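Here is a short note for a colleague opening this model for the first time. Please keep the structure in view while reading the points.

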Amino acid sequence: MSEFWLISAPGDKENLQALERMNTVTSKSNLSYNTKFSIPDFKVGTLDSLVGLSDELGKLDTFAESLIKRMAQSVVEVMEDAKGKVQENLLANGGLKEKMKCLKIDLTSFVTHFEWDMAKYPVKQPLVGVADTLTKQLSQIEMDLKSRTAAYDTLRLSLENLEKKSTGNLFTRTLSDIVNKEDFVLDSEYLITLLVIVPKQSYTQWQKTYESLSDMVVPRSTKLIAEDSEGGLFTVTLFRKVMDDFKTKAKENKFTVREFYYDEKEIKREREEMTRLLSDKKQQYQTSCVALKKGSSTFPDHKVKVTPLGNPDRPAAGQPDRERESEGEGEGPLLRWLKVNFSEAFIAWIHIKALRVFVESVLSSPGSCHKALTWFSAPVPPPCGCRGLVPTQIRSECSSASCPSISEACDGRNGGVGGRWLCSS
């Protein structure tokens with residue numbers, strides 16, 4: 001888990017040296033790894049519009065973060081048999097350079113090498129228009145996520161219900177996977193086969209007494225067909241007309257007759273249903289045939305880790321599912337969708353962060369030359385005993401540089417923009 005700070009400095013000549021100062025201060029105690037965070041020149045508009053946009057971006061930021069967490073949790077649930085590889089599937093699309101657009105990179109690399117997506121979010125349109133595009137994109141992803149996870153949850157619950165029937169003791173579990181046709185006398189007008197649960201300590205008593213519990217019990221007709229830790233399941237064949245009397249006598253001797261009628265068609269249907277549900281669930285997640293490189297980022301020797309995909313022209317959110325799910329061959333449809341759209345949502349979230357720090361910086365220093373700002377991020381791994389030192393050191397540098405934007409960011413008064421935020425890496 002990496003901790004990030006986004007800090008802005010007005011673009012006058014003196015404060016262009018702020019990043020260099022911070023590198024000098026933080027490197028002494030290995031407090032942080034600092035990189036530039038490039039943000040393009042936007043059409044600012046009026047200060048009144050920025051104030052309103054600031055509130056909306058705060059809500060959108062929270063919504064995006066919540067959506068990303070839900071999607072990550074969904075990946076964990078789908079990959080229940082391979083949870084050790086979840087992190088390898090939570091990646092972001094490239095964007096470092098044009099030739100790397102078709103690559104998946106770890107989240108920390110994406111943030112520290114962030115580039116604004118000019119094609120998806122044109123900077124020539126007003127900031128409100130950019131925010132609206134991001135809102136629509138994330139709303140569509142959330143709608144699709146609800147639909148897909150609801151279908152998966154229904155499948156999972158149906159399977160769990162069937163699995164519960166296959167577990168438990170002989171009193172409650174299904175018997176369709178235990179009994180066989182040969183265990184029963186079927187299609188007889190006079191005879192019927194009952195199933196009786198006998199406590200383990202009473203096996204001998206059962207063998208000695210079952211024929212005398214009632215008249216017209218077929219001699220030597222009992223057979224143990226299953227047992228658990230508490231008892232065994234025995235068959236016994238008798239005439240139908242004494243069935244009620246046999247049940248009463250069996251209960252008096254602490255033998256339990258399990259109500260069961262052998263229906264070959266129903267048993268076959270139940271078995272096929274279990275097989276189908278297991279198959280459907282498995283198909284939602286299959287081990288990816290794409291090579292996923294292991295390892296995590298470390299500071300300060302941070303390296304970009306990439307995983308090649310087969311489709312450099314991955315459609316954006318909102319395009320037809322058939323097109324969007326064409327990549328990741330060898331994966332189940334739900335996992336593939338989650339991977340693609342987690343990347344889309346995460347990228348949108350970082351663009352929202354960029355918008356927020358821009359808007360808040362302009363509002364805090366309206367007289368500054370906001371078109372020439374220097375931006376950088378400070379991913380802060382929390383070294384033992386040093387967690388509170390980074391803001392203190394940065395505030396000190398801000399004071400010497402007369403940079404109120406940075407000071408506000410460190411104080412965390414701008415919500416999640418200048419305050420710290422966490423990102424898995």
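1. Aromatic pairs come first. The count is 16, where rings of Phe, Tyr and Trp (its six-membered ring) pair if their centres lie within 6.5 Å. Planes under 30 degrees apart are called stacked, over 60 edge-to-face and the rest tilted. Phe114 and Trp116 make an edge-to-face pair, with 6.4 Å from centre to centre and 85 degrees between the planes. Phe114 is buried at 3% relative accessibility, and Trp116 is buried at 9%. Buried means under 20% relative accessible area, exposed over 50%, and partly exposed in between (1.4 Å probe, protein chains only).

2. A note on the basis of these values. This is a predicted model, in which local features need pLDDT of at least 70 and side-chain atom pairs count only at pLDDT 80 or more, while totals for chains, interfaces and linings use all residues. Residues are numbered from 1 along each chain as its sequence is written, and side-chain values use heavy atoms, with hydrogens and water left out.

3. Now look at Phe342 and Phe346. Their ring centres are 6.3 Å apart and their planes lie at 20 degrees, so this pair is stacked. Both residues are buried. Why are Phe342 and Phe346 separated by about one helical turn? Because they are four residues apart in helix H10 (residues 333-364). Helices (H or I, at least four residues) and strands (E, at least two) are DSSP runs, numbered from the N terminus.

4. The two pairs belong to a wider group. Ring pairs link Phe37, Phe42, Phe110, Phe114, Trp116, Tyr121, Phe342, Phe346, Trp349 and Phe358 into a cluster.

5. Which residues have the most contacts inside the largest nonpolar core? They are Trp116 and Phe346, in a core of 55 residues. Such a core is a set of buried Ala, Val, Leu, Ile, Met, Phe, Trp, Tyr and Cys residues joined through side-chain atoms within 4.5 Å. Helix H2 (47-78), helix H4 (107-112), H5 and H10 each supply at least two of its residues. H10 gives the most, with 18.

6. Next, H5 against H10. Their axes come within 10 Å and cross at roughly 155 degrees. Axes are lines fitted to C-alpha atoms, for helices over the stretch in contact, and angles run from 0 to 180 degrees between N-to-C directions. That makes H5 roughly antiparallel to H10, a term for angles over 145 degrees. The crossing is left-handed: the near helix is turned anticlockwise from the far one by less than a right angle. The contact residues divide into 18 nonpolar, three polar and three charged. Here Ala, Val, Leu, Ile, Met, Phe, Trp, Tyr, Cys and Pro count as nonpolar, Asp, Glu, Lys and Arg as charged, and the others, Gly among them, as polar.

7. H2 and H5 pack at about 25 degrees, with axes 10 Å apart. They are therefore roughly parallel, the term for angles under 35 degrees. H2 also passes H5 in a left-handed crossing. This contact has 17 nonpolar, four polar and four charged residues.

8. Finally, check two backbone angles. Most residues other than glycine have a negative phi. Asp187 has a positive phi of about 55 degrees. Asp187 sits in the loop between helix H5 (127-165) and strand S6 (191-199), and is exposed at 85% relative accessibility. Met216 has a positive phi near 65 degrees. Met216 lies in the loop between helix H6 (203-209) and strand S7 (223-227), and is partly exposed at 34%.

Terms used:
Parallel < 35°, antiparallel > 145°, perpendicular 65-115°, else oblique.
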